[in-house]
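Q: Could you take me through one part of this model at close range, and then show me what else stands out around it? I'd like a connected account that I can follow with the coordinates open.

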Amino acid sequence: MPRMSADANHRIRFKLNGRMVEADAEPRMLLTDFLRYNLAMTGTHVGCEHGVCGACTIEIDGVPARACLTLAVQADGADIRTIEGLAPAPGRLSVLQEAFRRHHALQCGFCTAGILLSLECYLRDNPSPDEATLRDYLGGHLCRCTGYVTIIAAALDAAERLRDANKDA
Amino acid sequence: MKPARFDYLRAGTLAEAHATLAAEGEDARVLAGGQSLVPMLSMRMARPKVLIDIMHLPQLAKIESDVNTIHIGAGVRQAKLLAWPEIHERQPLLAAALPWVGHAQTRSRGTICGSVAHADPSAEIPLVLLALKGAIHLSSRQKQRRVSAIDFFTGMMSTARNDDELIEAVEAPCRAPGHGYAFREFGRRHGDFAIVACAAVAHADGVRLAIGGVADCPAVRDYPDLTGTALDDALDEFAWELDARDDLHATESFRRNLVRQLGRAAIEEARRCRA
């Protein structure tokens, strides 16, 4: 790949929620802005913009990552999942999203997209989490509404339902 | 917060990365996981002319170990080292410290060598390398060299790396027979920058204690086998020597007190682990 000039736009392509997408970006463009402005995927929220708050967390190549600490050019060729890719079909929520609704695990919702993406990754690799490890894991996200109790309850509930679903399958 | 303009080069070979570093000098910065560098760019504390992305060089993404040392390449992400099945057996101090490095959501992208290159005064990985007497492997177009951790960290976010060099790997010694290791940290929130972090290595002749988060770069002391008030006095002296400062997060006297308390706890645990 040749050196990309600072002043020019460059074509960036990656897989987003299972479909190839492409748009142009300068090398300095953050992935958060690329998703929101260039691809019109505004479900990924921008909070602190320096990696502390967790609001912009998405999945890059199977692991949770801060979109604000990633350049769009770095994501070229990657496999990315955002909040828009969680629901299995229009009008239907994922098991985790449904659990968040049942447990009132959000109020303003600003942090929610990042937390859902983080937990989706975590529950896939750790189907039987305990409360202490979940609390440690969610230390990477700030929520100023809920006090986290309902988020933990929703995550534990979702984990149990996902285990049951896998047992039946 | 948006970064200033820079060129981006995804290095296809190590030689390409070296050539760009040689040509651009201090105007070039190596980009690995980006977890320290990208915020620096966004805050415009760093304004390089070109970023050299080294994450597509498979030869750098390796953890290699023999009975004596672990070599961690520049492309190895923190989560990968933490998930390495041999880490607890090979080097318990690294295994104990890694969960304190950022959050799971940043360890997934951040690299071991990137943290070493950034050299934040409160960073855990430089601290552990100093406690273990680890080393940093640097390379440029001209030559390769190995710098011990004690010589590498020269001040706040400054290191012995030359402008035309990149960190190819860091090296940590494996667990030694009869050695005990312990790590302690205090921060406001797990995953935040440490207010004080301690790494202790106990061995037959005494104990080695490294402290991060207080001075401009991690500091280390070697003690004979002190106990009781002699140990308290030594820790008190170390705490005062670190030149702690007040800031938004903690007062200088609180930091000194943490050095005394966490230092003692780390030393005692390291000694228990020897047994």
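**A three-stranded sheet in chain B**

A: Happy to. In this predicted model, chain B holds an open sheet of three strands, ordered 1-3-2 and paired in parallel. Strand 1 (7-10) and strand 2 (28-31) of chain B are the edge strands; each has a single partner strand, so one side of each is left without a neighbour in the sheet. On average, neighbouring strands of this sheet are turned by 25 degrees against each other, with direction ignored.

Now for the pairing itself. Strands of a sheet pair through backbone hydrogen bonds, either parallel or antiparallel. Here, strand 2 of chain B runs parallel to strand 3 (residues 50-53) of chain B, and four bridges link the two. To find the place on screen, look for L31(B), which stands opposite D53(B) in strand 3 of chain B.

The sheet also has a helix across it: helix 1 (residues 14-24) of chain B lies across strand 1, strand 2 and strand 3 of chain B. Its direction is at about 160 degrees to strand 3 of chain B.

Elsewhere in chain B, G155(B) is worth a visit. This glycine is part of strand 8 (residues 153-155) of chain B, and with a relative accessibility of 9% it counts as buried, the cut-off being under 20%. Leaving out residues up to four places away in sequence, G155(B) touches A119(B), D216(B) and C217(B).

In helix 2 (residues 95-102) of chain A, the buried residues are L96(A), Q97(A), A99(A) and F100(A). Viewed down the axis of helix 2 of chain A, these buried residues fall within an arc of 160 degrees, so they line one face of the helix. They pack against helix 3 (112-125) and helix 5 (149-168) of chain A. After helix 2 of chain A comes H104(A), which has a positive phi, near 50 degrees.

Finally, both chains take part in a cavity. Searching the whole structure gives two cavities of 30 Å³ or more, and the largest cavity holds about 50 Å³ of space. Its lining includes D136(A), Y137(A) and G140(A) along with G102(B), H103(B) and H190(B). The elements giving two or more residues to that lining are helix 4 (131-137) of chain A and helix 6 (104-107) of chain B. Helix 6 of chain B gives the most, with three residues.

Conventions
Residues numbered from 1 in each chain as written. Chains lettered and ligands numbered in written order. Predicted model: local features only at pLDDT ≥ 70, side-chain atom pairs only at ≥ 80, totals over all residues. Heavy atoms only, no water. Pairing = 2+ DSSP bridges. Axes fitted to C-alpha atoms, helices over the stretch in contact; angles between N-to-C directions. Contact = heavy atoms within 4.5 Å. Buried < 20%, exposed > 50% of the residue type's maximum accessible area, 1.4 Å probe, protein only. Arc of directions from axis to C-beta. 1 Å grid on protein atoms, 1.4 Å probe; cavity = no way out; pocket = protein on both sides within 12 Å on 5 of 7 lines; lining within 4 Å. Points joined across faces, edges and corners; volume = space filled by probe spheres on them.
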